[in-house]
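Here are a few exercises to work through with the structure open beside you. Try each task yourself before reading the solution.

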Amino acid sequence: MRLNILTKEGALINYYKPSSICPGVKKALQEIDKKCQWVIGNGAKIDLWRDCWAGKHSIHKGLNLPDHALKGCTLKLESLIQGLILRCPTHITHLLHLAGLSLHDVKKSTDEDYLVWWPDIKGHFSAQGAFQETRFKRPKVHWSKHVWNSYIHPKHAGTVWKLCSKATATDENIKKRGVTIASKCRHCGAQEESLIHLIWECVFAKEMWNWLAGKFKFRGTFTDMKEAIKLSKNSIPRVVHLWISAVFGGMTGLWKHRNKIFFQDKAVSKAFCEGIVRSHIITTSYLSKGHTEPSDVGIMNEWGIHMNVVAARRRIHCIWIPLAIAQVKLNIDGAAKGNLGPGGFGVSFRDHNGNFLYVLGGGLSNTTCYLAECTAIVEGVEAALSRGWNNLWVESYSSTAVTAANSSSMSWELLNRWKLCSRACTSLQVTHTWREANQEADIIAN
Ligand SMILES: [Zn+2]
């Protein structure tokens with residue numbers, strides 16, 4: 001299928017093909033090509049002009065060349081590689097510069113060429129990852145992190161999501177669609193009906209919210225969901241979970257109550273809303289893993305739910321294992337501000353007597369905590385090797401980075417450097433340690 005929409009040179013065709021899927025596949029390929037980069041081995045598979053190998057676009061895209069300008073140009077990158085070393089002639093380096101590319105962004109492999117999907121940390125392409133990268137993302141809403149949670153039952157979350165998205169057939173929404181109706185709140189009969197009035201401003205709603213806040217012993221008033229949730233900001237986790245669930249229960253109860261009056265001609269009943277709030281809270285009491293303190297026993301008793309006492313702290317046995325003669329220990333840490341932000345790393349080197357040999361620290365551009373930890377390991381081992389220390393013991397308190405180093409499943413950007421490090425060491429072990437035993441590296445990185 002792919003061959004049918006590519007020219008002999010490997011570019012996408014730019015003429016009409018009588019196929020229902022052709023336009024979609026072409027569009028998807030263009031999107032995917034934008035986020036792929038070659039890691040260079042022997043260069044046999046890489047098109048010098050059309051493939052991304054020196055950055056995040058090709059020379060073709062960087063210079064904005066029309067397809068016909070490259071007709072017949074099928075040069076592969078292997079013609080520039082001698083003995084696994086890329087030797088770019090001056091005119092190609094100049095072209096790369098004009099195309100906004102740099103040889104510093106070239107990623108090399110000790111094996112054969114392979115293509116990486118750079119949004120993924122390991123470079124693996126997946127349909128799910130591609131969907132996440134290419135889908136249209138709306139701005140984040142403040143309520144999503146509260147609604148979609150393990151302690152809110154999906155059935156309840158679905159109703160609240162609809163209310164937050166204003167997907168409700170209120171009189172206000174019907175009028176917005178051009179239908180002229182006489183609008184009246186089903187609860188108080190004194191105001192026009194809108195979702196904000198029904199849930200937050202109506203006298204009936206306010207009575208219910210006052211009752212609910214009293215049960216949780218919260219003081220202060222609120223006029224929307226954000227303010228309501230904020231009331232619990234100083235509470236312990238289990239009370240926060242229960243309160244958020246209660247707010248959602250209140251919103252759902254008021255909406256269902258309105259529908260009951262509207263569709264079934266039922267009388268106004270405060271007990272109906274209270275029942276729904278109670279069922280939301282009971283459900284969350286089983287789903288929430290937050291702990292309680294003895295001071296919250298009153299709130300738990302109000303709703304008839306059990307306490308969740310925090311487990312006693314465990315003591316962990318910890319011993320110091322001396323190094324072998326001539327072994328060098330590297331204590332490593334990497335950090336990123338904001339978990340996608342400016343980062344740094346720190347490494348301390350000690351000999352088998354515990355004496356400091358060297359301290360290394362450095363800054364990193366925008367990165368994640370995990371990537372900073374992995375970079376710290378690679379930088380530390382490279383620095384040790386450059387000083388002739390090749391019997392190494394690396395300690396980091398990031399267990400995921402330690403697992404990645406031991407299973408060679410490092411990020412694709414570091415994988416080749418790590419493979420070279422592993423081969424150059426006579427002995428290399430990477431182990432996990434506790435934060436308390438890694439303090440000096442932590443200080444350097446931060
Ligand atoms: Zn009202």
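**Exercise 1. In what order do the five strands of the open sheet lie, and which are the edge strands?**

Step 1: The order is β8-β7-β6-β9-β10, with mixed pairing. Strands here are DSSP E runs of at least two residues, helices are H or I runs of at least four, and both are numbered from the N terminus. Two strands pair if DSSP finds at least two bridges between them.

Step 2: The edges are β8 (356–367) and β10 (427–432), each of which pairs on one side only.

Step 3: Ignoring direction, neighbouring strands of this sheet are turned by 20 degrees against each other on average.

Two notes on the model: it is predicted, so local features need pLDDT of at least 70 and side-chain atom pairs count only at pLDDT 80 or more, while totals for chains, interfaces and linings use all residues. Residues are numbered from 1 along each chain as its sequence is written.

**Exercise 2. Find how β6 is joined to β9, and which helices pack on the sheet.**

Step 1: Strands β6 (residues 328–336) and β9 (residues 391–396) run parallel and are joined by five bridges. Within β9, V394 stands opposite L330.

Step 2: Helix α14 (residues 369–386) packs on the sheet and touches β6, β7 (341–350), β8, β9 and β10; its direction makes about 150 degrees with that of β6. A contact means C-beta atoms, placed from the backbone, within 7 Å.

Step 3: Helix α15 (residues 399–406) also packs on the sheet, touching β9 and β10, and its direction makes about 150 degrees with that of β10.

**Exercise 3. Describe the packing of α11 with α12.**

Step 1: Two packed helices are described by the angle between their axes and the distance between the axes.

Step 2: For α11 (residues 237–264) and α12 (residues 270–287), the angle is about 145 degrees and the axes are 7 Å apart. Axes are lines fitted to C-alpha atoms, for helices over the stretch in contact, and angles run from 0 to 180 degrees between N-to-C directions.

Step 3: The residues of this contact divide into nine nonpolar, ten polar and two charged. Ala, Val, Leu, Ile, Met, Phe, Trp, Tyr, Cys and Pro count as nonpolar, Asp, Glu, Lys and Arg as charged, and the others, Gly among them, as polar.

**Exercise 4. Is Q30 buried or exposed?**

Step 1: Locate Q30 in helix α1 (residues 22–33).

Step 2: Q30 counts as exposed because it has 10 C-beta neighbours inside 10 Å. With C-beta atoms placed from the backbone, 20 or more others within 10 Å make a residue buried, 12 or fewer exposed, and numbers in between partly exposed.

Key:
Contact = placed C-beta atoms within 7 Å.
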